[in-house]
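This briefing is for a reader who is meeting the structure for the first time. Please look over the sequence and the model before reading the points below.

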Amino acid sequence: MKNLYRGGGLRLPAFSWRLQLGLILLGLLIVVPLIMVLLRSVMPDGRLDALAPLKVMSDPGLFTIFWNSIALGGWVVLGSTLLALPMAFLSARTTIGRHAWLDVVLIIPFMTPPYIGSMGWILFMQRRGFSEQILPMTSHITPYFFSLFGMVAIMSLHLFPFLYLILRNSLMRIGGSLEEAGSVHGGNFFYLLRRVIVPLLLGSYVMGALLVFVKTIAEFGTPATFGRQIGYYVLTSEIHRFTSSWPIDFGKATSLASILLGACLLFWYVQTIISRRYQYKTLGGKGMRLRIAPLKGWRAIAGWGYVLLLLLFSIGVPYFSIIATSLQKLRGDGLAWGNVTLAHYAELLSPGSKGWQALSNSLGLAALAATAAVLIGTFLVLQMGNFKKISQRSLDLFSLLPNTVPGIVIVVGLILFWNAPWMPVKIYNTYTMVVLTYVVFFLPYSVQYIKASASQIDGNLLQAGKVFGAKPFYLFRRIMLPLLIPGVLAGWMMTFTISARELVASLMVLPPSMQVSATYIFSQFEQGEVSLGMAMAVVSVGMTTLVLVVMNQLGADRK
Amino acid sequence: MKAVKNSSFKKWLSWQGTLAMVVLMSGMLAACGGNGGQANSNSTGAAAGATQETTTSQPSEQPVSEKPAPPSGKVVVYTAGPEGLATKIREGFEAKYGITVEQFDGTTGKVLGRLEAEKGNPVADVVVLASWPSAMAMKAEGWTQGYPEAANADKLQEGWLDADSHLFGYSASALGITYNTKLVSEPPTDWSDLTDPKWKGVVNIPDPSLSGSALDFISGYLNDKGDGGWDFFQELKANGVAMSGANKEALDPVITGAKSVVMSGVDYMAYSAKAKGEPVDIVYPASGTVINPRAAMIMKTSPNLDNARLFIDYLLSDEAQSLVTGAYLLPGRADIKADNRVNTDEIKLLNYDWNWMSEQGEEISAKFLEMFK
C-alpha cells in the first residue's frame with residue numbers, strides 16, 4: 001500500500017521541528033501509555049521482574065481465560081468465514097451483486113454495537129423469550145444457544161461484514177480472463193478453484209481473517225453481556241473486572257493487558273508475512289471483465305434464500321428484540337398488542353431527562369473528538385511527507401497503532417499515564433480525558449482518510465504555485481487544504497459515528513456525574529430499565545446509521 | 001494513473017455534498033449538543049452543569065445548622081444505590097442548598113473499584129455503599145472520617161450508626177426470595193427449599209463481587225451456619241443456581257420469565273417492579289435473612305468537607321427519608337415507618353456479626369466466585 005503514497009509529492013519545505021512535534025505528540029498520546037502498561041506489568045511491586053506477566057499466566061484460572069480468548073477468536077474466524085464466503089461469491093459473481101443496497105444493508109450488523117446486539121439475542125433466545133413466544137416449539141432448541149456456540153454465532157454475525165467486503169473486493173479483482181485462461185488450458189471447475197481462485201484469494205483472506213481474529217479477542221461488549229451469562233470469561237472482560245470492580249488488581253489487569261497486546265501484535269506480524277508471500281498483481285493495465293453468472297430457477301431460490309437467511313439472523317433477530325423490548329409496557333407480559341407503549345421514547349427524548357443528557361453528551365463529545373482527531377490527523381499527514389525518512393515512517397506507524405491494539409489496553413495505559421501521581425496536567429476525571437481517549441482510539445481513521453486524499457495531490461500543483469511566487473502558507477491554504485478537505489470530512493464523520501457509540505473507553509474514563517449513550521444503555525441493563533436502554537439503543541444506532549447511509553450515498557467513503 | 005485521477009475527480013465532486021451534510025450536522029449539534037460544547041470551555045475540572053445550577057442557590061432556605069452553609073461549590077458523591085433514588089436525593093439536595101452534586105452511580109463493587117483506582121488523586125467527598133461490611137472495611141483501612149454532630153443521627157435504627165459516627169445507615173434493604181407470580185404458584189418459604197430439584201435451573205443469585213447486598217447475605221448465612229454453610233451453596237450450585245451480574249440483572253430474567261426465582265435479591269426492586277404491575281412478588285425466608293443498612297460516609301480526603309457534612313445531614317432529614325421510603329427502601333430512622341412495604345421490625349434475621357462479615361468478606365467473595373463461575 002505504501003508504494004502508492006510514495007509517488008504523491010507533498011513537498012512542503014521540510015521543517016524538522018514540526019516532524020519532531022508530531023512524534024512527541026504521538027509519543028505522549030499513544031506510545032508512552034502503552035509502555036506504561038508494559039512497565040507496570042513487569043514491575044508489579046516496584047521491582048523489575050520481567051517474568052511477572054508469565055507468572056500471572058501460571059495461575060490456572062487466568063490461563064483458562066487466555067485460552068478462552070484465543071479459542072473464541074479461532075471459532076469466530078471460522079464462523080464468519082462460513083457466513084461471508086458464500087455471500088462474497090454471490091455478490092461478486094452472480095446477478096445478486098447488482099443490487100447495490102445489499103452492501104449498505106450488510107454493513108448494519110457491523111455498525112450495531114455488539115453489547116446491544118448480544119442483548120437482543122439474549123432476549124430472543126432465553127426461556128420464555130421472544131422466540132418461544134412466537135414459535136413455542138423452539139423451546140427445545142433455545143437452551144442450547146446459551147453456550148460457546150451461541151457466543152461464536154453472535155460474534156460471527158457481527159463481524160462477518162468485514163470479511164465479506166474484503167473477499168468480495170478481491171474476488172472482483174480476479175478478472176474473468178484469468179479463469180478463462182485456466183479453462184482454455186483444460187482445467188475443470190475444481191482445478192480452477194484450487195489453482196487459480198484460492199491462491200489469489202488467500203492473501204486478502206488471511207488479512208481479513210486476522211482482522212476478525214484480533215477484533216474478536218479485543219471485543220468487550222459481547223463477553224460483558226452474553227459471555228458473563230454463560231460463564232465464558234475472556235481477557236477483555238477480566239481486565240475490565242480487575243480495573244473497575246472490587247477487589248481491584250491493577251497488577252493482574254496490566255499483565256493480562258500486556259498478554260493481550262502481545263498476542264495482537266504477534267498475529268499482525270504473522271499476517272504481514274503471509275499476505276506478503278501471497279501477493280499477486282491482479283490489477284493490470286488490461287481491461288477487466290467479470291464473469292457474472294445469471295441466477296435462474298433453483299439457483300436463484302438458493303442464492304436469495306441464503307441472502308435472506310443471513311439478513312434475518314444478522315439484522316432481523318437482534319433488531320426485532322431491541323425494538324420489541326423498547327416498546328414494551330410491562331416486560332412480564334411479553335409480546336402482545338396491548339403491551340405496546342411509546343412511553344420509553346417519550347421519557348428518553350424529553351429534554352432534561354437523564355437519557356437526553358446522555359445523548360447530547362455523546363453527540364457533543366463525539367463532535368469534539370472528531371474535530372480534534374481530524375486537526376491532529378491533518379497535521380500528522382502533512383508531516384509524513386514522502387515517507388522516505390525513518391521518522392516519517394514511524395509517524396505513520398504510530399498513528400495507526402491504536403487500530404492494532406485492543407481498546408481496553410489503550411484505556412488502561414491512558415489511565416495509568418494521566419492519573420499517575422506525578423502527572424502535572426490534571427485531566428483525569430474531566431471531559432478532556434474522554435475526548436483525548438476518543439481521539440487516541442480513532443486517530444487512525446482520520447489519518448487513513450486524509451492520507452488517501454493527500455496521496456492523490458500531484459506535486460506539480462505545488463510546484464506551479466511556487467513558480468508563481470507563493471509563500472508556503474499560501475500554498476497550504478490555497479492548494480493543499482482545499483484538496484485535502486474530502487478526506488478530512490470523511491475522517492470527521494467516521495470518527496464522529498464511532499465515538500458516539502464507544503463503550504469500553506466511556507465506561508472507564510467518564511467523570512463521575514456524566515453518562516453517554518453507550519454507558520447509559522449498559523447501566524440500564526445492569527441497574528435500571530432494560531426497555532429504556534433499548535429505546536436509547538434504537539435512537540443512537542438509528543442516528544449513526546443514518547449518518548453512514550447518507551455518507552455512503554454521497555460516495556464520500558467509496559474507495 | 002488514470003484511475004487515480006478519475007477517482008480524485010469524483011471525490012472532488014462528492015465533497016460538496018459532504019460539506020452540505022456537515023453544515024446540516026453541525027446545525028443539529030448546535031440544537032441538541034449544547035452540553036458537549038459547554039464541556040469544552042469548562043474542561044479544566046468542574047462539570048459543565050456546575051456553573052448553571054449554582055446560580056440558582058436559594059439562601060432563604062438555609063437549614064438549621066451550626067455552620068453557615070457555603071454559598072456555592074460542589075460535592076462529589078459516589079453512590080451504589082437505586083438510580084432513581086440517588087437522582088431524587090441529588091436533586092433535592094441541590095434545590096435545598098444550591099450546591100452542585102457530582103454523582104457517580106454504580107454498584108458497590110464499581111464504587112470501591114473507582115475509589116481504589118483514584119487512590120493517587122482522590123476526588124470523592126461522600127461515598128454511599130449498599131454493603132455495611134464493605135463500609136466497615138473502608139473505615140478500618142482509614143478511608144473515612146467521623147461526623148459526630150450529624151443532625152438526627154440519634155434517631156437511626158439501633159446498630160445503623162457505628163460508635164464514632166463514621167458510617168450512617170440512612171436506608172436499608174432486606175434480602176428475600178423474589179419470584180415470578182405467573183410461573184410460581186407455591187413460592188419457596190425458606191432458603192433450603194431452593195436446593196429441591198423442583199427449582200433446578202430456574203434460580204438466579206446476584207454476583208457478590210458486584211452486589212454488596214448479595215455478599216452480605218452469603219457472609220451472613222455462613223456466619224449463622226458455620227462452615228457447613230458452604231455445603232448449602234455447593235448444593236445450590238449443583239441444583240443449577242446461576243450467578244448473574246448485579247441485582248437488576250439477576251431480577252430482570254425473573255420478570256420476563258426466563259428464570260422463576262432470584263434468591264438474596266434486594267427487596268425494594270421487587271416492591272417497585274410489583275408496584276409497576278410486573279408479575280413478581282417477594283417472600284422473606286422463615287429461618288431469617290439479612291437486612292443491610294446502606295452506609296453513607298465522609299471520605300478522609302474529602303476536598304469539600306463542609307458540603308459533605310451538609311449532604312449527610314440531608315440524608316438523615318425528613319425530606320430525604322421520605323424519598324427513601326418512596327423508593328421502597330427501609331428508612332434509616334427508627335421514628336419513620338414505611339407504609340408501602342414490610343418494616344424492619346417485622347423481618348426475621350439470621351444470627352450474624354458485622355465484624356466477622358467485614359473481615360471475611362473478601363475471602364468469601366473470592367471463594368464464592370470460584371465456586372459459581
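Helices here are DSSP runs of at least four residues, numbered from the N terminus. The model is predicted.

**Helix H15 of chain A and its partners**

- Helix H15 of chain A covers residues 297–326, and Ser321(A) lies in it.
- The axis of H6(A) comes within 8 Å of the axis of H15(A), and the two cross at roughly 80°. Angles of 65 to 115 degrees count as roughly perpendicular, so H6(A) is roughly perpendicular to H15(A).
- On the H6(A) side, the contact is made by Ile116(A), Gly117(A), Gly120(A), Trp121(A), Leu123(A) and Phe124(A). On the H15(A) side, it is made by Phe313(A), Val317(A), Pro318(A), Phe320(A), Ser321(A), Ile322(A) and Thr325(A).
- Sorted by class, the contact of H6(A) with H15(A) has 9 nonpolar residues, 4 polar ones and no charged ones.
- H5(A), residues 101–111, also approaches H15(A): the axes come within 9 Å and cross at roughly 40°. That angle makes H5(A) oblique to H15(A), and the crossing is left-handed.
- From H5(A), the residues that meet H15(A) are Trp101(A), Leu102(A), Val105(A), Leu106(A), Ile108(A) and Pro109(A). Their counterparts in H15(A) are Trp304(A), Val307(A), Leu310(A), Leu311(A), Ser314(A), Ile315(A) and Tyr319(A).
- The contact of H5(A) with H15(A) has 12 nonpolar residues, 1 polar residue and no charged residues.

**Helices H6 and H24 of chain A**

- H6(A) spans residues 114–125 and H24(A) spans residues 517–526; their axes come within 10 Å and cross at roughly 30°.
- H6(A) and H24(A) are therefore roughly parallel to each other, and H6(A) passes H24(A) in a left-handed crossing.
- Tyr115(A), Ile116(A) and Met119(A) of H6(A) meet Ala518(A), Ile521(A) and Phe525(A) of H24(A). By class, this contact of H6(A) with H24(A) has 6 nonpolar residues, with no polar and no charged ones.

**Two buried residues of chain A**

- Is Ser321(A) buried or exposed? Ser321(A) has a relative accessible area of 0%, so it is buried.
- Setting aside residues up to four places away in sequence, Ser321(A) touches Gly120(A), Leu123(A), Phe124(A) and Phe130(A).
- Ser321(A) and Gln271(A) are 50 residues apart along the chain, and 37 Å separates their C-alpha atoms.
- Met151(A) lies in helix H9 of chain A, residues 148–173. With a relative accessible area of 0%, Met151(A) is buried.
- Not counting residues up to four places away in sequence, Met151(A) touches Leu72(A), Thr222(A), Pro223(A), Phe226(A), Gly227(A), Ile230(A) and Tyr232(A).
- From C-alpha to C-alpha, Met151(A) and Leu503(A) are 19 Å apart in space, while 352 residues apart in sequence.

**Chain B overall**

- Chain B has 13 helices and 11 strands.
- Of the 373 residues in chain B, 59% are buried.
- Among contacts in chain B with a separation of 6 or more, 78% join residues 24 or more positions apart.
- Chain B exposes about 14,700 Å², of which carbon and sulfur atoms supply 53%.

**Parts of chain B**

- The buried residues of H9(B) include Lys248(B), Glu249(B) and Asp252(B). Gly257(B) follows H9(B) and has a positive phi, near 95°.
- Ile99(B) is in the loop between helix H4 (83–97) and strand S2 (100–105) of chain B. Ile99(B) counts as buried, at 1% relative accessibility.
- Leaving aside neighbours within four places in sequence, Ile99(B) is in contact with Gly73(B), Lys74(B), Val75(B), Phe93(B), Glu94(B), Asn307(B) and Leu310(B).
- Ser317(B) is in the loop between helix H11 (305–315) and helix H12 (318–326) of chain B. At 10% relative accessibility, Ser317(B) counts as buried.
- Beyond its neighbours within four places in sequence, Ser317(B) is in contact with Asn152(B) and Arg333(B).

Terms used. Residues numbered from 1 in each chain as written. Chains lettered and ligands numbered in written order. Predicted model: local features only at pLDDT ≥ 70, side-chain atom pairs only at ≥ 80, totals over all residues. Heavy atoms only, no water. Axes fitted to C-alpha atoms, helices over the stretch in contact; angles between N-to-C directions. Parallel < 35°, antiparallel > 145°, perpendicular 65-115°, else oblique. Left-handed = near helix turned anticlockwise from the far one by under 90°. Contact = heavy atoms within 4.5 Å. Nonpolar A, V, L, I, M, F, W, Y, C, P; charged D, E, K, R; others polar. Buried < 20%, exposed > 50% of the residue type's maximum accessible area, 1.4 Å probe, protein only. Areas by Shrake-Rupley, 256 points an atom, 1.4 Å probe, with all protein chains shown as cover.
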